[in-house]
Amino acid sequence: MTRLNRLEMDEIPEEYQYLFTDDYLGDRHIFRVWAHNPEILEATLDYLNTLYDQLTPRRKELVILTVARTRGARYEWHQHVDIARDKGVEQQEMRAIGGDDFSTFDDEEFVLLQYAEAVAEGSVTDQIHSALETAYSPAEIVAIGLIVDFYVGLCNYVASVDLPFEGGEFVGWTPSDEKIASLFG
């Protein structure tokens, strides 16, 4: 059971209820917990949207999945297995990340995933950074690092409030197509 209760819509101030429409957030447990402080929820979402606009939706999801796997963050992985499917990440690519195998990705995405993993571990080397610079601009590198940093913190926060999975059960690090379909439709 979560350490902070998930607010119901009628408990969220009306001026913030727009955040919970399908066009915006939908109904994710993390946001219903954050709704205890709707000003911070709204400001955080504005910040994240600015970061997200710096990468393609696919690459953003690849980074998030890599951070979740690197940190062993089951809730975040579970969420983004669902989200990444709509952003161009194939299920076999998710399984590759979940199995710690970046070899199936092209050079630009391979170095992106290596960099995301290294930032999440606090182990970026000059070699990894130099490889990233061959494929990404300085502005993109800033955004990548900050997305990783945000999700490392989020993984820690989610663990601290002990959020349950949407759907009730963990999808798994290398989920089958059938498991993904049964949990996310």
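Predicted model: local features only at pLDDT ≥ 70, side-chain atom pairs only at ≥ 80, totals over all residues.
Residues are numbered from 1 along each chain as its sequence is written, and side-chain values use heavy atoms, with hydrogens and water left out.

**Helix packing**

Two packed helices are described by the angle between their axes and the distance between the axes. The helices here are DSSP runs (H or I, at least four residues) numbered from the N terminus, and their axes are lines fitted to C-alpha atoms over the stretch in contact, with angles from 0 to 180 degrees between N-to-C directions.

| Helix pair | Axis distance | Crossing angle |
|---|---|---|
| H3 (residues 57-71) and H6 | within 9 Å | roughly 40° |
| H3 and H5 (residues 91-98) | 9 Å | about 35° |
| H6 (residues 107-121) and H7 (residues 126-133) | within 9 Å | roughly 140° |

H3 passes H6 in a right-handed crossing, a crossing being right-handed if the near helix is turned clockwise from the far one by less than a right angle and left-handed if anticlockwise. The angle of roughly 40° is why H3 and H6 are oblique to each other, a term for what remains once angles under 35 degrees count as roughly parallel, over 145 as roughly antiparallel and 65 to 115 as roughly perpendicular. In the contact (heavy atoms within 4.5 Å), residues of H3 including Arg 58, Arg 59 and Arg 71 meet residues of H6 including Glu 108, Glu 109 and Glu 121. By class, this contact of H3 with H6 has seven nonpolar, two polar and seven charged residues, where Ala, Val, Leu, Ile, Met, Phe, Trp, Tyr, Cys and Pro count as nonpolar, Asp, Glu, Lys and Arg as charged, and the others, Gly among them, as polar.

The crossing of H3 and H5 is also right-handed, and here Arg 58, Leu 62, Leu 65, Thr 66 and Arg 69 of H3 meet Glu 93, Met 94, Ile 97 and Gly 98 of H5. The residues of this contact divide into four nonpolar, two polar and three charged.

H6 passes H7 in a left-handed crossing, with Val 111, Leu 112, Gln 114, Tyr 115 and Ala 118 of H6 and Ile 128, His 129, Ala 131 and Leu 132 of H7 making the contact. The contact of H6 with H7 has seven nonpolar, two polar and no charged residues.

**The second largest pocket**

The second largest pocket holds about 190 Å³ of space. Of its 13 lining residues, the closest to its centre are Ala 73, Arg 74, Tyr 75, Val 158 and Ala 159. H8 gives the most to this lining, with four residues.

Methods: Helix = DSSP H or I, 4+ residues; strand = E, 2+ residues; numbered from the N terminus. 1 Å grid on protein atoms, 1.4 Å probe; cavity = no way out; pocket = protein on both sides within 12 Å on 5 of 7 lines; lining within 4 Å. Points joined across faces, edges and corners; volume = space filled by probe spheres on them.
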